[in-house]
Amino acid sequence: MAFTRATGKHRGPSRLSRKSAGVASVAAIATTGVIGTLASPAFAAEAEASAPVEDTGLTQAVAVDSLAQQIDAQAEAQQQEAALVAAQEKAEAEAKRKAELRVKAARDAAERAAREAERKRLTTYTLPVAGSYVSTDYHAGGAQWSSGSHTGVDFHAASGTEVVAVGMGTVVEAGWGGAYGNNVVLRMHDGTYTQYGHLSSISVSVGQQVTPGQQIGLSGSTGNSSGPHLHFEARTGEDYGSDIDPVSYLRSHGVRV
């Protein structure tokens with residue numbers, strides 16, 4: 001009996017075609033991810049080993065968090081350092097300010113002390129002849145005085161002894177004074193006047209300012225004089241006849257006579 005090969009659309013697929021179709025089916029299944037449930041354990045293990053690790057973002061988050069902590073720590077350290085520097089600068093500025101205040105206070109105190117010392121020096125009175133004593137009293141009587149009495153006091157002084165201003169004043173007369181010989185008259189800072197007579201020489205001029213203890217001349221015996229000495233007068237005014245007790249005058253200004 002003879003058989004004929006079937007042809008046309010009803011012909012069955014060949015073995016090669018079936019094999020190709022099977023491979024295609026497996027590829028399709030693998031593409032959709034179903035292969036993981038159908039594959040054999042060995043194939044699944046191999047596939048799992050060869051598959052890349054899924055990136056969940058956790059590693060990146062940890063790295064970012066660590067970097068943020070480092071930045072925060074660095075910022076805090078910088079802030080602490082800046083605060084320390086600011087504190088040191090403030091302390092140094094305060095120390096400098098206090099030092100400047102101490103220097104200023106010391107300078108001001110020194111200036112006040114100098115002014116006070118100068119004020120005391122200028123307002124201090126002294127004897128017209130250092131270490132001397134009164135040899136003829138005020139208002140002593142005698143024919144040798146035209147007024148009939150002594151209008152001043154005489155201080156013992158050898159010829160050429162230094163004569164000084166008893167206090168601060170201005171020279172209003174310096175030269176020959178008749179019976180007073182060479183004499184100097186001072187207007188004192190308090191408005192009174194003092195006179196120094198019988199000088200051998202004069203070392204000041206009219207209008208000159210003098211201070212306590214400043215030399216104004218040397219003692220002698222010029223004019224109406226019986227010997228070397230200093231005639232000293234104190235007056236309320238510049239003119240003759242306004243005399244006051246010279247000893248009381250000096251004592252009222254703190255001079256021991």
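What share of the contacts in the protein with a separation of 6 or more comes from residues 24 or more positions apart?

1. The share is 58%. The model is predicted, and the points below should be read with that in mind.

2. Confidence comes next. The mean pLDDT of the protein is 83, and 76% of the residues reach at least 70. Residues 1–49 stay under 50, and the model gives this stretch nine contacts beyond four places in sequence. Where pLDDT is low, the predicted coordinates should not be read in detail.

3. On secondary structure, the protein contains five helices and 10 strands. Among them are α4 (58–123), β1 (134–136) and helix α5 (residues 246–252).

4. Of the 257 residues, 26% count as buried. The accessible surface is about 16800 Å², and carbon and sulfur atoms contribute 56% of that surface.

5. Three aromatic pairs occur in the structure. One of them joins tyrosine 125 to tyrosine 249 in an edge-to-face arrangement, with 6.0 Å centre to centre and 80° between the planes. This pair links distant parts of the chain, 124 residues apart: tyrosine 125 sits in the loop between α4 and β1, while tyrosine 249 belongs to helix α5.

6. Are the two tyrosines of this pair buried or exposed? Tyrosine 125 counts as buried because its relative accessibility is 5%, under the 20% cut-off. Tyrosine 249 is also buried, with a relative accessible area of 5%.

7. Which residues form an aromatic cluster? Phe155, Tyr196 and Phe232 make up one such cluster.

Terms used:
Residues are numbered from 1 along each chain as its sequence is written. This is a predicted model: local features need pLDDT of at least 70, side-chain atom pairs count only at pLDDT 80 or more; totals for chains, interfaces and linings use all residues. Side-chain values use heavy atoms; hydrogens and water are left out. pLDDT is the predictor's confidence in each residue, from 0 to 100. Contact means heavy atoms within 4.5 Å. Rings of Phe, Tyr and Trp (its six-membered ring) pair if their centres lie within 6.5 Å; planes under 30 degrees apart count as stacked, over 60 as edge-to-face and the rest as tilted. Helices (H or I, at least four residues) and strands (E, at least two) are DSSP runs, numbered from the N terminus. Buried means under 20% relative accessible area, exposed over 50%, partly exposed in between (1.4 Å probe, protein chains only). Accessible areas come from the Shrake-Rupley method with a 1.4 Å probe; for residues, only the protein chains shown count as cover.
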